[in-house]
Amino acid sequence: MKNNISNEYAEALFELALENEMADTYYEQMMTVRALLSDNMDYVELLSSPSVPTEEKLGIIDSAFEGRIDDNIVSFLKLLCERGRAGLFFACFDDFERLYNEHKKVMLVKVTSATELTESEKSRLCEALKRKYALEIQLECVIDKSILGGIIVESEGSVIDGSISRKLREVKEVIKA
């Protein structure tokens, strides 16, 4: 249920961004707001609290963001508070980012490796994924020494696990059988 609601709010804001020909600006500002709220979870709790009057929440949003980000984004944040949906801030940001990336034909790909990938490895991986999906690829590289070697590629709900730790688990299962 949460995903449908947050998606509806995100779609409305994204349509407004497209109408105003400000998709890039809205995206940048939404990511800035998300980062600020992530760094200040007390602020999110305050805006989500039923014991804080709505007018006070709206004043807090005005003092934090008015004049710093587009008025439509400020109104969006206020609307979430007025409707008791402040707890959906992050889900809305994620849905907005997904819509933006679909519009820009960009696929976010998380790559987990045991050691840092070289620029050449990143480039080859991006090119291979670009050929496969016919989309621009944006890599998020994560280092996790527990996979021992190889890589794990995650994108749009699919996982390609080429890690040594997975291969060792498979060998262990064969030996147990």
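**Ground rules**

I am working with a predicted model, where local features need pLDDT of at least 70, side-chain atom pairs count only at pLDDT 80 or more, and totals for chains, interfaces and linings use all residues. I number residues from 1 along each chain as its sequence is written, and side-chain values use heavy atoms, with hydrogens and water left out. Helices (H or I, at least four residues) and strands (E, at least two) are DSSP runs, numbered from the N terminus.

**Entry 1: the cores**

I looked for nonpolar cores, meaning sets of buried Ala, Val, Leu, Ile, Met, Phe, Trp, Tyr and Cys residues joined through side-chain atoms within 4.5 Å. For burial I used relative accessible area: buried is under 20%, exposed over 50%, partly exposed in between (1.4 Å probe, protein chains only).

Which residues have the most contacts inside the largest core? They are Leu77 and Phe89, in a core of 35 residues. The elements giving it two or more residues are helix H1 (2-19), H2, H3, H4, helix H5 (71-82) and H6. H2 gives the most, with 7 residues.

I then checked Leu77 for contacts (heavy atoms within 4.5 Å). Leaving aside neighbours within four places in sequence, Leu77 touches Val33, Ile61, Phe65, Ile69, Phe89 and Phe93. Apart from this core lies another, of 9 residues, including Met107, Val109, Leu125 and Ile137.

**Entry 2: the rings**

Next I went after aromatic pairs. Rings of Phe, Tyr and Trp (its six-membered ring) pair if their centres lie within 6.5 Å; planes under 30 degrees apart count as stacked, over 60 as edge-to-face and the rest as tilted. I get 5 aromatic pairs this way.

Tyr27 and Tyr100 are stacked, because their ring centres are 4.0 Å apart and their planes are at 5°. This pair links distant parts of the chain: Tyr27 sits in helix H2 (residues 23-39) and Tyr100 in helix H6 (residues 89-104), 73 residues apart. Both Tyr27 and Tyr100 are buried.

Phe89 and Phe93 are stacked too, with ring centres 6.3 Å apart and planes at 5°. Why are they separated by about one helical turn? Because they are 4 residues apart in helix H6. Phe89 is buried at 1% relative accessible area, and Phe93 is buried at 0%. Ring pairs tie Phe89, Phe90 and Phe93 into a cluster.

**Entry 3: the strands**

I moved on to strand E1 (residues 106-113), where 6 of the 8 residues are buried. Two strands pair if DSSP finds at least two bridges between them. E1 pairs in the parallel sense with strand E2 (residues 136-143), over 8 bridges. Ser113 is opposite Ile143 in E2. E1 and E3 run antiparallel, joined by 4 bridges, and Lys110 has Glu154 in E3 as its bridge partner.

E1, helix H7 (residues 119-133) and E2 form a right-handed β-α-β unit; right-handed means that, with the strands pointing away from the viewer, the path from the first strand over the helix to the second runs clockwise.

Is Ser155 buried or exposed? It counts as buried, because its relative accessibility is 6%. Ser155 lies in strand E3 (residues 151-155). Leaving aside neighbours within four places in sequence, Ser155 contacts Met107, Leu108, Val109 and Tyr133.

I found Ser49 in the loop between helix H3 (41-48) and helix H4 (54-65). Ser49 is buried, with a relative accessible area of 17%.
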